Amino acid sequence: MRAVGGRARVEAVKSIAIEGTGVNYNLGQDMKPEAATQQFEITGYKRQIDVEQGRQRVDQTRTPKFAYFQGPQPQTQVQVLDGDIAFNIGANGTPARVGTGLAERDRRTEYFHHPITALKAATAPSNVTTISNVRTVGNVRQADFAFRDRQWTMTIDAAGLPLSISTKSYNANLGDVVLTTTFADYQDTNGLKMPAKFTGKVDDFTTYEIVASQQSIDTALGDMAAPAAVLKPAPPAAPNVTAESVGKGVWFLAGQSHHSVLVEFDDHLMLIEAPQSEARTLAVIKKARDTVPKKPLTELVITHHHFDHTAGLRAAIAEGLTVITQTGNKAWVENMARRPHTLQPDLLAKNTSRLNVVTVDEEKEFRDRTNIVMLYHVAGNPHSGTMLMAYLPRDRVLVEVDAFSPGAQVNPYAANLLENIQKRNLRVDKIVPLHGAIAPFAELVKVSKGN
Ligand SMILES: [Zn+2]
Ligand SMILES: [Zn+2]
């Protein structure tokens with residue numbers, strides 16, 4: 001506090017406003033598991049922190065610098081926190097509660113990821129904050145503190161300026177994670193030292209960088225109070241899984257936004273995709289077992305590594321399923337299976353299933369007397385470099401995801417999907433997509449020509 005401007009000055013801060021520009025990265029959605037190449041350019045960034053009321057609002061416009069599934073146009077985002085209530089304001093001005101406990105707690109954590117709010121948290125009365133483990137590490141000093149049911153670590157430099165604040169959190173895919181914001185380029189602002197550079201990380205993965213062009217203390221802020229419409233969180237939707245036959249021994253397991261496909265073989269069942277959450281995937285697995293009760297479900301194909309399509313991967317491993325994936329995802333699958341999930345133990349954290357991974361380079365056939373599934377690498381697709389599609393020659397069905405979503409406003413990856421189908425001379429009648437409704441092959445051809 002002394003280095004930043006003195007305890008009295010820090011404690012008197014009523015509000016902070018930061019304007020700037022920067023970059024967002026694409027955690028869990030990039031081209032390959034290990035990649036961090038996709039960027040959104042951030043313009044019009046404005047972070048307002050109402051220190052007196054415990055509120056924060058971030059406005060920004062993000063423009064994808066890569067082939068984004070929603071198209072290249074800029075998107076505005078407004079993210080607000082009022083106390084413990086987190087909500088977003090849509091482009092039409094409608095507020096929507098964020099609504100999962102974890103995401104709201106993470107936004108609350110973001111509020112404290114600024115030197116002023118972090119220092120106030122760390123020095124709150126001892127019945128609110130417990131500081132421990134004060135230490136020197138190289139030429140920096142660190143201390144841990146417990147605050148608002150989370151564990152925090154602050155790092156300060158030799159002069160005492162905060163270099164970073166870290167908080168332990170949980171992510172359904174990654175398990176235990178540390179959220180870190182680093183502070184750099186301190187400048188004098190209204191008698192306080194304030195960083196002009198902010199870098200956010202989830203573990204070692206950089207999620208954003210913001211450089212402030214203008215900062216101010218104690219200027220009047222807009223109203224950030226949560227409107228009545230968001231005071232009560234909507235209860236989380238229970239998984240709804242439907243089963244529709246799409247061929248002999250093939251079922252489309254849909255019902256919500258992310259679908260799966262069940263394939264029956266002679267002596268076992270194969271599931272394609274374990275999306276969204278442990279709850280969704282367990283409901284999908286139950287539906288698969290109820291649909292063909294006499295055969296064991298033993299295999300899971302994951303189309304690609306994106307977090308929304310693999311949030312049920314660990315649940316499937318816990319249920320004993322062998323994981324089939326493109327070779328480029330193997331190390332990542334092993335890592336996901338191994339990562340600690342102690343803060344919110346999931347099914348896999350509570351049992352010790354052995355992981356079996358089968359890899360597919362360019363293609364692999366799964367065949368017995370009952371059925372045939374060909375898995376192909378969707379080579380060169382700008383959505384994911386390590387993505388598989390499934391072809392069922394007997395029913396001329398192609399299962400794919402994200403490359404073509406029937407009904408979507410834009411389909412920037414569809415032309416590549418069509419190329420992959422044509423270069424392998426696959427005779428496809430029906431596209432069974434894991435987003436959207438089943439479509440005739442002609443629709444893919446039409447959409448591809450439009451792009
Ligand atoms: Zn994807
Ligand atoms: Zn998707």
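Predicted model: local features only at pLDDT ≥ 70, side-chain atom pairs only at ≥ 80, totals over all residues.
Which residue just after α9 takes a positive phi? Asn425 does, with a phi of about 55°.

Residues are numbered from 1 along each chain as its sequence is written, while chains are lettered from A and ligands numbered from 1 in the order in which they are written.

Start with the whole. Along its principal axes, the C-alpha trace spans about 80 × 50 × 45 Å. The protein holds ten helices and 26 strands. Both are DSSP runs, numbered from the N terminus: helices are H or I with at least four residues, strands are E with at least two.

Next, the domains. The assignment gives domain 1 (7-230) and domain 2 (242-450). Such bounds come from an automatic or database domain assignment. The C-alpha centres of the two domains lie 35 Å apart. Their contact takes 16 residues from domain 1 and 25 residues from domain 2. Here, two residues are in contact if their C-beta atoms, placed from the backbone, lie within 7 Å. On the domain 1 side, β10 (162-171) and β11 (175-189) are the elements that give two or more residues.

Now look inside. Buried residues make up 39% of the 451 residues. A residue is buried if 20 or more other C-beta atoms lie within 10 Å of its own, exposed if 12 or fewer, and partly exposed in between, with C-beta atoms placed from the backbone. The largest nonpolar core has 63 residues, and Val261, Leu271 and Ala390 touch the most other members. A second, separate core of 35 residues includes Val13, Ile85, Ala122 and Ala212. Such a core is a set of buried Ala, Val, Leu, Ile, Met, Phe, Trp, Tyr and Cys residues joined through C-beta atoms within 7 Å.

Strand β18 (residues 297-301) is largely enclosed by the rest of the structure, because four of its five residues are buried. Strand β17 (residues 269-272) runs parallel to β18, joined by four bridges. Ile272 stands opposite Val301 in β18.

Elsewhere, six strands form an open sheet with mixed pairing, in the order β21-β22-β23-β24-β25-β26. Two strands pair if DSSP finds at least two bridges between them. The edge strands, β21 (363-367) and β26 (439-440), each pair on one side only. Strands β22 (residues 372-377) and β23 (residues 388-392) pair in the antiparallel sense over four bridges. There, His377 has Leu388 as its bridge partner.

Back to helix α9 (residues 414-423). Seven of its ten residues are buried, so α9 is largely enclosed by the rest of the structure. Among these buried residues are Leu417, Leu418 and Ile421. The buried residues of α9 pack against β22, β23, β24 (397-400) and α10 (441-450).

Finally, is Ser126 buried or exposed? Ser126 is exposed, because 8 other C-beta atoms lie within 10 Å. Ser126 sits in the loop between α3 (115-122) and β7 (129-137).
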